[in-house]
Amino acid sequence: MNLVYINSANGLSKAALETVTYAKKLGSDVAVVTNGGADSSVLSTLGTYGASLVLQDSSLDGQDPGQLVKLVAAAAQKIGATTIIFSHDLIGKAVAPRLSVRLKAGLVAGAVALPEANGNIKVNVFSGKAFGYVKVNTATRIISLLPNSIQPETNSTACSVEAFDAQAGSSAIKVLATKKPEGAIPLPEAELVVSAGRGLKGPENWGIVEDLASALGAATACSRPVADIGWRPHHEHVGQTGVAIRPNLYIAAGISGAIQHLAGVNGSKVIVVINTDAEAPFFKAADYGIVGDAFEVLPRFTEAVKKFKAAQH
Amino acid sequence: MNILVCISKAPDTTSKIAFTNGDTQFDENGVQYIVNPYDEWYALVRALELKEAQGGNVTIITVGSAADDAVIRKALAIGADDAVRIDAPATDAYFTAMQIAEYAKGKGFDLILTGKETIDYNGSQVAGMLAEALELPFVSVATKLDVAGSTVKAEREIVGGVQEVEVATPVVISCAKGMAEQRIPNMRGIMAARTKPLTVVAPTALDALTTYASYSMPAAKSSVKLIDPNNLDELVTLLHNEAKVI
Ligand SMILES: Cc1cc2nc3c(=O)[nH]c(=O)nc-3n(C[C@H](O)[C@H](O)[C@H](O)COP(=O)(O)OP(=O)(O)OC[C@H]3O[C@@H](n4cnc5c(N)ncnc54)[C@H](O)[C@@H]3O)c2cc1C
């Protein structure tokens, strides 16, 4: 049986459904282990994606990776899991490495695809400039799946939800405050991203970027200098030393396309570049290019998107 | 306060990425190595700031061969007090983390800091593995870090936001942007680094749990389709019908 860890404290994210789909496609029964007090009617919908069992420890809030590793290890032992899947998100990145040591099981961090025929698993290396194929040398393997690498797929299975007490002890981490911008789409999970760089000239001009993003239902991102000078928050900085993303659509306005920027975004399925300079290096990595002034093109783009959306209804 | 900062070498961000030996090995030909930016800009600089404010010692540690001493000297030039190199190639994250854990065990470090990931293998694995091996709490992807006595206050990234947390030392923390600003070593630092102690430690016998079997390069993009800046309807139509992303 394959085991998937999901944090369901805030409901089921798309990344969670991706991990269940991935586990099911590996070709055996799927059990899910989760923390948080989600309703069993919510958790049992994981059956739609192929899970047949959900083990829920509602006593854990999911803030301490030291507790979560005990939870996942206990569940893995209970069901005899040989493959354990996480999302390669902020929780997976904290818990999967701990589990690797605890179980002495090889970890493939940031898988972007199902295993190859020889069992090796593809990951991004060199910040997306190349791919590596990881061979796991142990009988039990742990895989953390990069968000947006596969789409959730239904595979209806009867699913039971069981209470599970992992006896994970007390939390070593005390949460003092949590800040989550309302309604914002977490950048690593976003399917559509509108990004802008120094070409926007100042933070007061970001309204036209946000307008396009909201018309599309996209997240916003930026180049490094823009975050460095404080025009935009650090968590929006994408690239080799920022967040690496692979949305379906990446729109870059006023960004030159330096190698360090491209490294974090060239896993995007489609790239649109808007730049006044026809020689900007970003055009070489783009699928669609507009040589033009972002201050004129972005508002027109927003209008065109609104028109398109209105026509669809 | 005793701080251990784990540093890794990483190819300079402008390096040409290529592979040799039937695409099974990274081609190091002409590659310049730097200190992994997250380790240097955030973990190391914040460790130095804490030491400057409160006293203590900053030790850097890396798992690598003698060829990596240049990278170690650079971190010493920025201000670390001393350095340790576990004398073995860093075959995988598990091997690396277990070597560092073996060294750190019982040495009384209050803080063990790493970068949030390396820019070559991007695994974000070593810090969490170290925490588990040393049975310590772990704050992952911290963007702020303050210490008062044995109480650590940190800000960390969570899915869709940030969170302020409190934890007691000793603790393992992986560091990201926001925590500190890059420091450029000055001449005095560079001179002093030459004579700072660098201890070379023999590795413990241990097998890697994973192997990079091979590598590939992404398929080249076909050339860009240029759109008239006055006809954004065309772009939207293409994104819908051709690219199928909206
Ligand atoms: C170690 C290292 C790590 C780095 N990591 C990152 C990283 O992770 N992410 C990152 O982004 N960068 C990173 N960089 C920086 C990178 O090299 C570039 O300097 C940076 O990406 C440039 O940002 P930019 O494109 O916004 O600005 P610029 O290079 O200044 O480009 C601005 C662009 O806007 C265009 N423009 C100007 N006006 C307009 C207009 N009105 N309409 C449309 N276009 C306009 C210009 O033609 C130009 O192409 C790193 C650098 C180093 C050395």
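How do the residues of the shell around the ligand divide into nonpolar, polar and charged?

1. The shell comprises seven nonpolar, 16 polar and five charged residues; Asp, Glu, Lys and Arg count as charged, Ala, Val, Leu, Ile, Met, Phe, Trp, Tyr, Cys and Pro as nonpolar, and the others, Gly among them, as polar.

2. This is a predicted model, in which local features need pLDDT of at least 70 and side-chain atom pairs count only at pLDDT 80 or more, while totals for chains, interfaces and linings use all residues. Residues are numbered from 1 along each chain as its sequence is written, chains are lettered from A and ligands numbered from 1 in the order in which they are written, and side-chain values use heavy atoms, with hydrogens and water left out.

3. Because residues from chains A and B surround the ligand, the site is shared between chains; a residue is near the ligand if one of its heavy atoms lies within 4 Å of it.

4. Polar side-chain atoms of Ser223(A) lie 2.6 Å, of Gln260(A) 2.7 Å and of Asn275(A) 2.7 Å from an oxygen atom of the ligand. Taken alone, the ligand exposes 990 Å², and the protein buries 79% of that (Shrake-Rupley method, 1.4 Å probe).

5. Helices α6 (224-228), α7 (259-265) and α8 (294-312) of chain A each supply at least two residues of the shell around the ligand. Helices (H or I, at least four residues) and strands (E, at least two) are DSSP runs, numbered from the N terminus.

6. An open sheet of six strands, with parallel pairing, has the order β12(A)-β11(A)-β13(A)-β14(A)-β15(A)-β15(B); two strands pair if DSSP finds at least two bridges between them.

Terms used: A polar contact is a pair of N or O atoms within 3.5 Å; within protein, one must be able to donate a hydrogen and the other to accept it, and residues adjacent in sequence count only if both atoms are side-chain atoms.
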